[in-house]
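I opened my notebook to go through this structure and jot down what I looked up. Here are the entries, in the order I made them.

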Amino acid sequence: MTTASEGSAHKRLTPTEIERAMESPGSVFGSPEEVLEHPELTAAQRIEILRRWQYDAVEVDVAVEEGMPGEDDPLLRRIMLALGTLTGPIDLEHLGPNKQHGLPGAAPDAKAGKRRP
């Protein structure tokens, strides 16, 4: 597994690693904070990677909630905090009704605090 190095020094990412991070963030990055701080990623890439990681973390939380083996992990909270740094706070009162919260890819309504139809 390739990960960004610890501390403030970041490993250079190849285009293949960036593409892999878009599909499986945890296979490239050790934490949401590494995504947030990586100097080679654009803001759009950071948001997309974190949103993918958010989706995956919610899937794990739902599985644990429904009785699958596992334990509570603060990863989802850390992802949401990192996303909030880039997009503004997430309006938790106006999320979609499903367990994935119905957040669209760009989530402009979540940022603006508006209800989606």
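I began with Val-35 and asked which residues it contacts once neighbours within four places in sequence are left aside. In this predicted model, I found Val-35 in contact with Phe-29, Leu-41, Arg-46, Ile-49, Leu-50 and Trp-53.

Next I looked up the largest nonpolar core, which has 20 residues. Val-35 is among the members that touch the most others, together with Leu-13, Phe-29, Leu-41, Ile-49, Trp-53 and Ile-79. I then checked the helices: helix 1 (15–23), helix 3 (43–65) and helix 4 (75–87) each supply at least two residues of this core. Helix 3 gives the most, with seven residues.

That sent me to helix 3 and helix 4. Their axes come within 9 Å and cross at roughly 155 degrees. Angles over 145 degrees count as roughly antiparallel, so I noted the two helices as roughly antiparallel to each other. I also noted that helix 3 passes helix 4 in a left-handed crossing.

Which residues meet there? From helix 3 I listed Arg-46, Ile-47, Leu-50, Arg-51, Trp-53, Gln-54, Ala-57, Val-58 and Asp-61. They meet Leu-75, Leu-76, Ile-79, Met-80, Ala-82, Leu-83, Leu-86 and Thr-87 in helix 4. I sorted the residues of this contact into twelve nonpolar, two polar and three charged.

Last, I stepped back to the whole protein. I found five helices and zero strands. Of its 117 residues, 32% count as buried. Among contacts between residues at least 6 apart in sequence, 55% join residues at least 24 apart.

Terms used
Residues are numbered from 1 along each chain as its sequence is written. This is a predicted model: local features need pLDDT of at least 70, side-chain atom pairs count only at pLDDT 80 or more; totals for chains, interfaces and linings use all residues. Side-chain values use heavy atoms; hydrogens and water are left out. A nonpolar core is a set of buried Ala, Val, Leu, Ile, Met, Phe, Trp, Tyr and Cys residues joined through side-chain atoms within 4.5 Å. Buried means under 20% relative accessible area, exposed over 50%, partly exposed in between (1.4 Å probe, protein chains only). Helices (H or I, at least four residues) and strands (E, at least two) are DSSP runs, numbered from the N terminus. Contact means heavy atoms within 4.5 Å. Axes are lines fitted to C-alpha atoms, for helices over the stretch in contact, and angles run from 0 to 180 degrees between N-to-C directions. Angles under 35 degrees count as roughly parallel, over 145 as roughly antiparallel, 65 to 115 as roughly perpendicular and the rest as oblique. A crossing is left-handed if the near helix is turned anticlockwise from the far one by less than a right angle, and right-handed if clockwise. Ala, Val, Leu, Ile, Met, Phe, Trp, Tyr, Cys and Pro count as nonpolar, Asp, Glu, Lys and Arg as charged, and the others, Gly among them, as polar.
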